[in-house]
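Subject: Structure handover

Hello,

Here is the structure for your files. My notes on it follow below.

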Amino acid sequence: MLPSLTAPAGRPLPYRGAPALNLFMTVDAVGGIWQYGLDLAEELTRQGVGVTLAVLGPEPSQDQLRAARAIRGLALCPLGASLDWTALTRREVEAAAALVAREAERAGADLIHLNSPALAAITDFCAPVVAVAHSCVATWWAAMRPGPLPPDLAWRASLVAEGYRRVDTLLSPTRAFAEATAATYGIAPPRVVPNGRRSAASRGQRSPAGAAASPFAFTAGRLWDEGKNARTLDRAAARMQLPLLAAGDLKGPNAAQFSPGHLRPLGRLSDQDVARWLAGAPIYASAARYEPFGLGVLEAASAGCALVLSDIPTFRELWDEAAIFIAPDDDAGFAHAIEMVAGDPVIRARLGTEARSRAAAYTVEAMTAGVLDAYRAVLEAPPLRAGVPV
């Protein structure tokens with residue numbers, strides 16, 4: 001129970017043993033939002049919040065479903081509706097928003113947590129809305145391309161902009177991304193609540209046999225996403241004797257594809273399998289050009305991996321003085337830095353220690369506390385939007 005989280009005005013207080021708050025949260029199984037949603041939901045349920053997790057986009061994998069079903073008290077609600085950034089038409093997004101609104105009402109939601117803020121542009125919900133700006137097509141385009149948005153992305157960005165303006169409060173995982181979001185959409189900077197992750201050690205993961213026998217480099221994420229910039233690491237791998245392993249999908253839901261020539265692709269790994277590789281303390285590399293936070297880097301840091309990262313505002317904010325920074329497209333620089341760290345056990349150990357120390361600030365508990373503060377602020381404020389019951 002959360003005595004400081006009271007029931008919304010006009011509703012009876014929960015009976016003994018009932019959740020203090022019924023939360024309806026949207027997620028998708030394509031990238032880091034899935035893990036964000038699971039970690040947050042697990043901690044919220046431990047603190048007495050009833051959570052329904054509504055899944056948009058492609059169906060979760062079997063290992064993802066097992067992880068969700070392992071969370072005691074979590075209600076899983078696969079919707080099969082389109083994600084706003086993969087939908088082909090506005091009508092698909094409208095259908096997804098209507099479905100989310102209907103299921104939230106059916107679940108008796110006191111509060112709605114949207115990890116797809118564009119949905120708020122289209123419909124009114126039965127309860128106040130907290131949304132998180134994890135990423136968006138407009139800030140992605142600004143980081144990746146010159147010039148204005150093409151029409152296919154402009155209508156999506158317009159929905160996101162309207163959604164940002166209609167939610168009761170908007171969160172961002174970093175100050176850098178909050179400022180980019182504010183500048184792009186002409187809104188007040190979102191409230192910053194850093195993401196969190198439980199360390200691999202706390203989940204009892206061990207290194208695969210022989211993984212730590214010699215240094216190796218590792219990266220993980222949506223390899224098909226241009227923003228993750230795996231091509232720079234692929235070129236860097238061609239310059240190195242050290243193996244550079246890459247975990248993640250090579251094909252995306254929007255027909256994007258990456259074909260590595262020198263990285264050693266491991267395919268999509270379960271969360272547990274990634275943690276086992278990280279337990280071997282590889283040198284973790286990310287050459288991302290666009291990264292609002294970077295859960296993969298956080299997990300690597302919590303495992304004590306030395307970090308070699310692209311020099312972008314987000315990574316500087318989170319990991320300054322705890323990583324080596326290289327310009328995102330400098331494949332020679334990445335190759336040199338990775339091999340230099342691999343060849344010097346003292347530097348490798350120092351960087352790993354600094355990364356783990358910094359990662360200790362980005363816990364699931366701290367993230368949940370920040371999100372709960374945002375929930376409280378919304379629930380205690382008078383409703384501002386039409387359609388919210390008083």
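How many disulfides does a search of the whole structure find? The search finds 0, where a disulfide is a pair of cysteine sulfur atoms within 2.5 Å. Cys 77 counts as buried because its relative accessibility is 15%; buried means under 20% relative accessible area, exposed over 50%, and partly exposed in between, with a 1.4 Å probe and protein chains only. Cys 136 is buried as well, at 8%.

Ground rules first. This is a predicted model, in which local features need pLDDT of at least 70, side-chain atom pairs count only at pLDDT 80 or more, and totals for chains, interfaces and linings use all residues. Residues are numbered from 1 along each chain as its sequence is written, and side-chain values use heavy atoms, with hydrogens and water left out.

The whole chain

The protein chain has 13 helices and 13 strands. These are DSSP runs, numbered from the N terminus: helices are H or I with at least four residues, strands are E with at least two. Of its 390 residues, 56% count as buried. Its accessible surface comes to about 16,500 Å², by the Shrake-Rupley method with a 1.4 Å probe; for residues, only the protein chains shown count as cover. Carbon and sulfur atoms hold 52% of that surface. Take the contacts between residues at least 6 apart in sequence: 70% of them join residues at least 24 apart. Contact means heavy atoms within 4.5 Å.

Two strands pair if DSSP finds at least two bridges between them. Strand 1 (residues 21-28) and strand 2 (residues 49-56) run parallel and are joined by 8 bridges. Within strand 2, Val 51 is the bridge partner of Leu 23.

Phe 125 lies in the loop between strand 4 (111-114) and strand 5 (129-132). The residue is buried, at 2% relative accessible area. Its C-alpha atom is 9.1 Å from that of Ala 98, which is 27 residues away along the chain.

Strand 9 (residues 244-247) runs parallel to strand 10, with 3 bridges between them. Leu 245 sits opposite Arg 264 in strand 10.

Strand 12 is largely enclosed by the rest of the structure, because 5 of its 5 residues are buried. Strand 11 pairs with strand 12 in the parallel sense over 4 bridges, and Ile 283 stands opposite Ala 306. From strand 11 the chain passes through helix 9 (residues 295-302) to strand 12, in a right-handed β-α-β crossover. Right-handed means that, with the strands pointing away from the viewer, the path from the first strand over the helix to the second runs clockwise.

Strand 12 and strand 13 run parallel, joined by 3 bridges. Ser 310 has Ile 326 in strand 13 as its bridge partner. The chain crosses between these strands through helix 10 (residues 313-319), and this β-α-β crossover is right-handed.

Best wishes
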